[in-house]
Amino acid sequence: GGLATYVRGLLRGWSESSPEDRLTVFVTGSFGELVAADPSCSSHRFRIFPSRSPSEVWRLLRAEVVLPEHQRSADALLTTLPTIPLAWRKPVVTVVHDLRHEYRPHEFGAGQRLTRRILYTRAYRRADGIVAISQRVADDLAARHPLTSSRISVALHGSDHVPEWKSTRSGDAIAFGHHANKEPLLLLSTWKHLLESSEAHLPALHVVGLDEPHRASLRGEAARLGIGANVILDPYLSDQQLEQLMRSASALLFPSRHEGFGLPVLEAMRQSVPVVISPDRALQEVAGGHAAVSTGWSPE
């Protein structure tokens, strides 16, 4: 997802821009192993922790117990999510990706809401510097937590990401469904509306990032709408699979209800894929006037 893309880009870029710096990087599970094996990150030292459930609880324990052990030899702490241990006393900069858990709490479980309220609110209060990945995030943070406003800087997420290839625009229309705010049900209703009202040939609607229960639910909805043959539903794809899909994408549809940035919009635009977005503030900021913007969140 976007956070993984951010971390990988940050570590690669750090090696290039400040090779004399020594970073100790705390990462989890298969993602940690993937980043540690990246040759462009070989100058960093990694500590990889196993993935355990419930992940929110283990993240809290690792932050409170493991990180403070390294305080004596550290100059500063950079957290890619707002998580600062109680015992940490050195300078801290934290990255904020969005405040969706505050603006749309119904999209999170009770444990997630509680953990984020404890960790994130404390981090907003204690951080020496805060990096917002868009102006929308900076504005949301200042509105909800006014005491942070003087410490916020905006560093756009992924704005220097330029691939060497361009889409042929001959394949599927790509969309994402890995969180409720991506509105996958709206995508299906929209595709039914287009199939019934458009005289032009439509590509398949290809929704990626679905866990199995969500995938089964959407498959049933597509069948109910009578568009099962026009929709492809996939789980999370590997980087190589997603790249292959985007090499031929005819369009990107991104009707999100709330984004901190909306990285797929930038990725598609950089690959010459036409983009259609909802009137979400962050998506319009990232697109910069170069995407088609819907007037609302209805199929029409």
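Residues are numbered from 1 along each chain as its sequence is written. Because the model is predicted, local features need pLDDT of at least 70 and side-chain atom pairs count only at pLDDT 80 or more, while totals for chains, interfaces and linings use all residues; side-chain values use heavy atoms, with hydrogens and water left out.

Four strands form an open sheet in the order β3-β4-β5-β6, with parallel pairing. Helices (H or I, at least four residues) and strands (E, at least two) are DSSP runs numbered from the N terminus, and two strands pair if DSSP finds at least two bridges between them. The edges are held by β3 (77-79) and β6 (152-154), each with a single partner strand, so one side of each lacks a neighbour in the sheet. From one strand to the next, the twist averages 20°. Strand β5 (residues 129-132) runs parallel to β6 and is joined to β6 by three bridges; I130 stands opposite I152 in β6. Helix α6 (residues 135-144) packs on the sheet and touches β4 (92-96), β5 and β6, contact meaning heavy atoms within 4.5 Å. The direction of α6 makes about 165° with that of β6; axes are lines fitted to C-alpha atoms, for helices over the stretch in contact, and angles run from 0 to 180 degrees between N-to-C directions.

Helix α1 (residues 2-17) packs with helix α2 (residues 29-36) at an angle of about 25°, their axes lying 11 Å apart. The contact is made by A4, V7, R8 and L11 of α1 together with F31, L34 and V35 of α2.
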